[in-house]
Amino acid sequence: MAGIVVVFDFDKTIVDCDSDNWVVDELGFNVLFNRLLPTMPWNTLMDRMMMELHSHGKTIDDIVQVLQRIPIHPRIIPAIKAVHSLGCDLRIVSDANTFFIETILKHLKIRECFSDINTNPSYINEDGRLQILPYHDFNNFSHGCTLCPPNMCKGGIIEKIQESLGEKKRLIYLGDGSGDYCPSLRLKEQDFMMPRKNFPVWELICRDPLLIKAQIHEWSNGEELERISLQLINKISSGESSEFISSNCNLHIMCVFGSD
């Protein structure tokens, strides 16, 4: 399946929660986090929280231990391994950060399944605390997208991936959040969008599904993610059409969704 690129969001797509919230909550700093949230962008806030954790004696090992017990649906790892074994090119586009994602993927023994990870950079500084930087340096210039947070336009990342692949590659994009809406608008007719049902990106798509050129196939949990993604890959490889019509958006409009 060398002609198929599968792009995953990370939070609430691969793992079953938001990794930022998970670390903050598990280490007992959610009150401070919620107090600061209205005052700064999310990416800036997460760097501030890493500083607060460090100043209160929380170590990198404490963060690692929390990340290693993050909840994940039992079918996600088999799904990723199966898609990878079929020869697809797997990538991640996420508004989390490199340390969180790399730590979790290595713990789950699936890091080698992904050829590329596009996310906010992070590193352990000389003081031993984690620093989180923006993927896009919004303090110096804007990425110009009004749909996305200032630190990352996922649609712009998808366009760069498309440019690097050429016309013959087909994309399957899986995501849940509002930040996954912009890349869904950049997908082509030959591609597939897999929004998580009843999550923000699904709700945004349902407002006007005709804005999405790609075929849309919803999923709700890891079992459905595995089944539908593998069915789409098989259909792509066999050249079958997989376009279906459904009106399951609770918004009294027609949405193009997978019947699988």
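This is a predicted model: local features need pLDDT of at least 70, side-chain atom pairs count only at pLDDT 80 or more; totals for chains, interfaces and linings use all residues.
Colleague: Okay. How do I read a pocket, and how much space lies in the largest pocket here?

Modeller: The general idea is that rolling a probe the size of a water molecule over the atoms shows where empty space is left. In this model, the largest pocket holds about 510 Å³ of space.

Colleague: Which residues lie nearest its centre?

Modeller: Asp18, Asp95, Gly177, Ser178 and Gly179 do, out of 22 residues in the lining. Two elements, α1 (19-26) and β2 (89-97), each give two or more residues to that lining. The biggest share comes from β2, with three residues.

Colleague: And what does the lining of the largest pocket have by class?

Modeller: Nine charged residues, eight nonpolar ones and five polar ones.

Colleague: Where does UniProt place the "active site" feature?

Modeller: An unreviewed UniProt entry puts that label at Asp9 and Asp11. Both Asp9 and Asp11 are taken into the lining of the largest pocket.

Colleague: Let's take Asp9 then. Why does Asp9 count as buried?

Modeller: Buried means under 20% relative accessible area. Asp9 has 5% relative accessibility, so it counts as buried. You'll find Asp9 in the loop between β1 (4-8) and α1.

Colleague: What does Asp9 touch, not counting residues up to four places away in sequence?

Modeller: Asp9 touches Ile14, Val93, Ser94, Lys154, Leu174, Gly175, Asp176 and Asp180 on that count. Its side chain also makes a polar contact with the side chain of Thr13, at 3.2 Å.

Colleague: How about Asp11: buried or exposed?

Modeller: Asp11 is at 10% relative accessibility, so it counts as buried. Asp11 sits in the loop between β1 and α1. With residues up to four places away in sequence set aside, Asp11 touches Cys17, Asp18, Ser19, Ala96 and Asp176. One of these, Asp18, also came up among the residues nearest the pocket centre.

Colleague: Back to Thr13, then. Where is the place of Thr13?

Modeller: Look in the loop between β1 and α1. Thr13 counts as buried because its relative accessibility is 3%.

Colleague: And which residues is Thr13 in contact with, leaving aside neighbours within four places in sequence?

Modeller: Here's where our opening term comes in. Thr13 is in contact with Phe8, Ile76, Leu174, Gly175, Asp176, Trp219 and Leu225, once neighbours within four places in sequence are left aside. Leu174, Gly175 and Asp176 are also among the residues that Asp9 touches.

Conventions
Residues are numbered from 1 along each chain as its sequence is written. Side-chain values use heavy atoms; hydrogens and water are left out. On a 1 Å grid over the protein atoms alone, a cavity is a set of points where a 1.4 Å probe fits but cannot get out, and a pocket is an open set with protein on both sides within 12 Å along at least five of seven lines; lining residues have an atom within 4 Å of a point. Grid points are joined across faces, edges and corners, and a volume is the space filled by probe spheres set on the points. Helices (H or I, at least four residues) and strands (E, at least two) are DSSP runs, numbered from the N terminus. Ala, Val, Leu, Ile, Met, Phe, Trp, Tyr, Cys and Pro count as nonpolar, Asp, Glu, Lys and Arg as charged, and the others, Gly among them, as polar. UniProt positions are given in the numbering used here, feature names are shortened, and annotations may be inferred rather than shown by experiment. Buried means under 20% relative accessible area, exposed over 50%, partly exposed in between (1.4 Å probe, protein chains only). Contact means heavy atoms within 4.5 Å. A polar contact is a pair of N or O atoms within 3.5 Å; within protein, one must be able to donate a hydrogen and the other to accept it, and residues adjacent in sequence count only if both atoms are side-chain atoms.
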